[in-house]
Amino acid sequence: MGDAAGEGAAAVAKALVATGAPELKHLNLYGNRISTDGYKALTEALKKPTVAAKLTYLNVSRGETEEGEAVAAREALKAVAVVRVQRICRQVRLRRQRLL
């Protein structure tokens with residue numbers, strides 16, 4: 001994959017960081033060609049707790065030619081998303097317990 005494959009994902013990551021995307025709940029990147037650099041940019045953006053704080057759904061697909069480092073980068077992005085969703089679910093449970 002060339003640089004163009006990562007530019008779109010990097011632009012999305014930059015926009016997420018710039019705006020914080022406070023109301024973003026779903027991010028569907030299925031069918032998009034994402035380079036290793038694109039995955040890394042998205043991962044770094046989602047590591048920031050103030051970025052897309054309500055994100056509970058992330059969909060990325062494996063590219064047809066994705067190998068090695070790109071696969072590892074995609075898996076790292078998915079791991080960050082899972083941790084984020086688990087944290088949100090934990091917060092919801094705590095709020096419910098306080099209400100009971």
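Predicted model: local features only at pLDDT ≥ 70, side-chain atom pairs only at ≥ 80, totals over all residues.
User: Is Ala52 buried or exposed?

Analyst: Ala52 is found in the loop between α2 and β2. Its phi is near 50°, a positive value in a residue other than glycine. The cut-off for burial is under 20% relative accessible area. Ala52 has 0% relative accessibility, so it counts as buried.

User: What pattern does the protein chain follow, read along the sequence?

Analyst: The secondary structure of the protein chain comes to 3 helices and 2 strands. Read along the sequence, these elements give the pattern α-β-α-β-α.

User: Among contacts in the protein chain between residues at least 6 apart in sequence, what percentage join residues at least 24 apart?

Analyst: The protein chain has 100 residues, of which 35% count as buried. For contacts between residues at least 6 apart in sequence, the share that joins residues at least 24 apart is 83%.

User: What is the reach of helix α3 from its first C-alpha to its last?

Analyst: Helix α3 covers residues 68-99, which makes 32 residues. At 1.5 Å a residue, the expected value is 46 Å. The model comes close to that, with a reach of 47 Å.

User: Which elements are included in what covers the buried residues of α3?

Analyst: The buried residues of α3 are Ala70, Val71, Ala73, Arg74, Leu77, Val80, Ala81, Arg84 and Ile88. An α-helix has 3.6 residues a turn, so residues three or four places apart point the same way. What covers the buried residues of α3 includes α2 (36-47) and β2 (57-59).

User: How are α2 and α3 oriented to each other, roughly parallel or roughly antiparallel?

Analyst: The axes of the two helices come within 8 Å and cross at roughly 20°. Angles under 35 degrees count as roughly parallel. The crossing angle therefore makes α2, relative to α3, roughly parallel.

User: How many residues of the contact of α2 with α3 are charged?

Analyst: From α2 the contact takes in Thr36, Tyr39, Lys40, Leu42, Thr43, Leu46 and Lys47. From α3 it takes in Glu69, Ala70, Ala73, Arg74, Ala76, Leu77, Val80 and Arg84. By class, 8 of these residues are nonpolar, 2 are polar and the charged ones number 5.

User: Leaving aside neighbours within four places in sequence, with which residues is Thr43 in contact?

Analyst: Thr43 lies in helix α2. At 6% relative accessibility, it counts as buried. Once neighbours within four places in sequence are set aside, the residues in contact with Thr43 are Ala73, Ala76, Leu77 and Val80.

User: What distance separates the C-alpha atoms of Lys48 and Gly20?

Analyst: Lys48 is in the loop between α2 and β2, and at 39% relative accessibility it counts as partly exposed. Beyond its neighbours within four places in sequence, Lys48 is in contact with Val17 and Arg84. Lys48 and Gly20 are 28 residues apart along the chain, and their C-alpha atoms are separated by 9.2 Å.

Technical notes:
Residues numbered from 1 in each chain as written. Heavy atoms only, no water. Helix = DSSP H or I, 4+ residues; strand = E, 2+ residues; numbered from the N terminus. Expected span 1.5 Å × (residues − 1). Buried < 20%, exposed > 50% of the residue type's maximum accessible area, 1.4 Å probe, protein only. Contact = heavy atoms within 4.5 Å. Axes fitted to C-alpha atoms, helices over the stretch in contact; angles between N-to-C directions. Parallel < 35°, antiparallel > 145°, perpendicular 65-115°, else oblique. Nonpolar A, V, L, I, M, F, W, Y, C, P; charged D, E, K, R; others polar.
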